[in-house]
Amino acid sequence: MPMLPPQCLFSPCPLFSTQIQGEEKGAAASHGTAVRYRGVFGTITTMVRTEGARSLYSGLVAGLQRQMSFASIRIGLYDSVKSFYTKGSDHVGIGSRLLAGCTTGAMAVALAQPTDVVKVRFQAQASSSGPNRRYHGTMQAYKTIAKEEGMRGLWRGTGPNIARNAIVNCTELVTYDLIKDALLKNTPLTDDLPCHFTSAFGAGFCTTVIASPVDVVKTRYMNSALGQYSSALNCAHAMVTKEGPLAFYKGFMPSFLRLGSWNVVMFVTYEQLKRAMMAAR
């Protein structure tokens, strides 16, 4: 399958800023400091005003590297892995689809985790400047992390990221398949753009609802200082204790806007490319 559009183009820093804000909420309250980011547009406005418009795309290079490697594996191999589990049968059950989604999601993380770590680190330092910035380039970031934290540092948070990507992959691909099948069977829609758009947008919403808790924990853990959390579960426990269960849905709206737009572009592009390839045969 040809390379799909990079998700990072629809994943600027407002989501990241909102997700990590809760870690400093307690400290801000104790010093009488107001919460910095409020809502999607409030976050964007604050970032542009205080850090400049470029801060919205901090970590873009690392994000492009991440998505090129992630998408080519988790989406490009999905149909092949699904056929492997069904032994080429035309009947594909939901179990086979879930298993294929988990498999390709885990494979993508195992290979491309360092690109995700670097992307998160770049976004975390978006407000820093000059000598306060730890990383001044993508390759320098890889080298610095490997030197200071060892190779394990580049794969920091692999466990929660595998869980997150398995959930996202399964939800995106399976719900898209199911919604599309339901629309084709129960509505006048045909296998064309309106059907693809509706299915993709619905898949984006379902994915956000299911994956948001794991996504927030993954972001917090990957950005944490060495020794701050003993594990991803410890990070989740700290979030619940200090911020309550709603902390798992911090940044829900920007996350939905990201996944919704990503799914629409990804699936619509995929369907058009698939149709063009079939017509060319």
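Visitor: How far from the centre of the ring of Y221 does the charged end of R156 sit?
Guide: This is a predicted model, in which local features need pLDDT of at least 70 and side-chain atom pairs count only at pLDDT 80 or more, while totals for chains, interfaces and linings use all residues. Residues are numbered from 1 along each chain as its sequence is written, and side-chain values use heavy atoms, with hydrogens and water left out. A charge is taken to sit over a ring if NZ of Lys or CZ of Arg is within 6 Å of the ring centre and within 35 degrees of the ring normal. For R156 over Y221, the distance to the ring centre is 5.2 Å.

Visitor: How many aromatic pairs are there, and in which class does the pair Y176 and F267 fall?
Guide: Rings of Phe, Tyr and Trp (its six-membered ring) pair if their centres lie within 6.5 Å, with planes under 30 degrees apart counted as stacked, over 60 as edge-to-face and the rest as tilted. By this rule the count is seven aromatic pairs. The ring centres of Y176 and F267 are 3.9 Å apart and their planes lie at 5°, so this pair is stacked.

Visitor: Which helices does the pair Y176 and F267 tie together?
Guide: Helices here are DSSP runs (H or I, at least four residues; strands are E, at least two), numbered from the N terminus. Both Y176 and F267 are buried, a term that means under 20% relative accessible area, with exposed being over 50% and partly exposed in between (1.4 Å probe, protein chains only). Because Y176 lies in helix 9 (residues 158-186) and F267 in helix 12 (residues 252-280), the pair ties together parts 91 residues apart in sequence, namely helix 9 and helix 12.

Visitor: What kind of pair do F205 and F252 make?
Guide: F205 belongs to helix 10 (residues 193-223) and is partly exposed, at 42% relative accessible area, and F252 is also partly exposed, at 22%. Together with F197, F201, Y249 and F256, these two residues form one aromatic cluster. The ring centres of F205 and F252 are 6.5 Å apart and the planes lie at 85°, so the pair is edge-to-face.

Visitor: What is the area of the nonpolar surface patch that includes F205?
Guide: Patches are made of residues with over 30% relative accessible area and no salt bridge, where like charges are joined within 9 Å and nonpolar side chains (Val, Leu, Ile, Met, Phe, Trp, Tyr) within 5 Å. Accessible areas come from the Shrake-Rupley method with a 1.4 Å probe, and for residues only the protein chains shown count as cover. F205, V209, I210 and Y249 make a patch of about 340 Å².

Visitor: Which residues are joined with K180 and D191 into one network?
Guide: K180 and D191 meet in a salt bridge of 3.4 Å, N to O, and because K180 lies in helix 9 and D191 in the loop between helix 9 and helix 10, the pair ties together parts eleven residues apart in sequence. K180 counts as buried at 10% relative accessibility, whereas D191 is partly exposed at 35%. Through salt bridges that share partners, the network joins K180 and D191 with E271 and K274.

Terms used. A salt bridge is a side-chain nitrogen of Lys or Arg within 4 Å of a carboxyl oxygen of Asp or Glu.
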